[in-house]
Amino acid sequence: MPQVYWMVFLCFLTGHLTDGYSQASTPPASAYAQQLYQKATRTSASYYNGKEYTIQEFRPQGHQFFESMDWLSASLSYEGIRYDDLPLLYDLNRDLFILRNHDGLHRIILDQSLLENVTIGTHAFVRIRQGLKPGFYERLYDGKTKIFCKRTKDRTEDLSQQRVLIIYTPHDYYFLLKGDQYIPVNSKKSVLTALSDRKKELRKYARTLNFREDRENAIRNVVAYYDQIK
């Protein structure tokens, strides 16, 4: 406990010493003090107050998580505070972010209403509340025109072999944000239609891309080229 009190005092003191700085130019000492405080108080952090997450499937075909069943290192914004290097799972079937409890034995469901964004490696997930079905979407491109992807996994039960076989099937749905409107873009045709004011130039450029082999990257490249020539 004395260590925690010392961290609190250090953060308080550093904050007073740096009052003259803007948020954009916060000195390294303040950020370092915040990191020390978070590390010292991590076991009592508010994000551990969620419900326990349990897995009941036995040897399913595939799994319900983003990328891996193993814990992934993530950064997130929770109750307006940023936390780094947290062990996380993302259940794509239920659209839930799961945190490993500090005891290492339990999985905790983060309160989705208090969670704003999550970064796993190079993948940035943001909460969208309006315009689309509320939930978390990966931001694939963040230019003047933006692209978001809803990553899901459907859960089905196969009863044909005298036992229940759980199958998880991934699906990705892409949305282009143009102005204040979200437009589904899951094919070359739909992308060109959504960006019809430059359709002629984009059609020529799209011929150089392989939508069949790498649809996601092709959509991203078309939209980036659209922003470039618009």
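**Ground rules.** I number residues from 1 along each chain as its sequence is written, and side-chain values use heavy atoms, with hydrogens and water left out. Because the model is predicted, local features need pLDDT of at least 70 and side-chain atom pairs count only at pLDDT 80 or more, while totals for chains, interfaces and linings use all residues.

**Entry 1: aromatic pairs.** I searched the whole structure and found nine aromatic pairs. Rings of Phe, Tyr and Trp (its six-membered ring) pair if their centres lie within 6.5 Å; planes under 30 degrees apart count as stacked, over 60 as edge-to-face and the rest as tilted. I looked up Phe-66 and Phe-125: their ring centres are 5.2 Å apart and their planes stand at 85°, so this pair is edge-to-face. Phe-66 sits in the loop between α2 (28–40) and β1 (72–78), and Phe-125 is in strand β6 (residues 123–128), 59 residues apart. My helices (H or I, at least four residues) and strands (E, at least two) are DSSP runs, numbered from the N terminus.

Next came Phe-97 with Phe-125, with centres 6.2 Å apart and planes at 65°, so I noted edge-to-face here too. Phe-97 lies in strand β3 (residues 96–100), so the pair ties together parts that are 28 residues apart in sequence. Both Phe-97 and Phe-125 are buried (under 20% relative accessible area; exposed is over 50%, partly exposed in between; 1.4 Å probe, protein chains only). I also saw that Phe-66, Tyr-90, Phe-97, Phe-125 and Phe-136 make up one aromatic cluster.

**Entry 2: cores.** I took a nonpolar core as a set of buried Ala, Val, Leu, Ile, Met, Phe, Trp, Tyr and Cys residues joined through side-chain atoms within 4.5 Å. The largest has 21 residues, and Val-185 and Ile-219 are among those with the most contacts inside it. Helix α5 (215–229) is one of the elements that each supply at least two residues, and α5 gives the largest share, five residues. A second, separate core of 18 residues includes Tyr-90, Leu-92, Val-118 and Phe-136.

**Entry 3: Gln-64.** Gln-64 lies in the loop between α2 and β1. Its side chain makes a polar contact with the side chain of Tyr-53 (3.4 Å); that term means a pair of N or O atoms within 3.5 Å, where within protein one must be able to donate a hydrogen and the other to accept it, and residues adjacent in sequence count only if both atoms are side-chain atoms.
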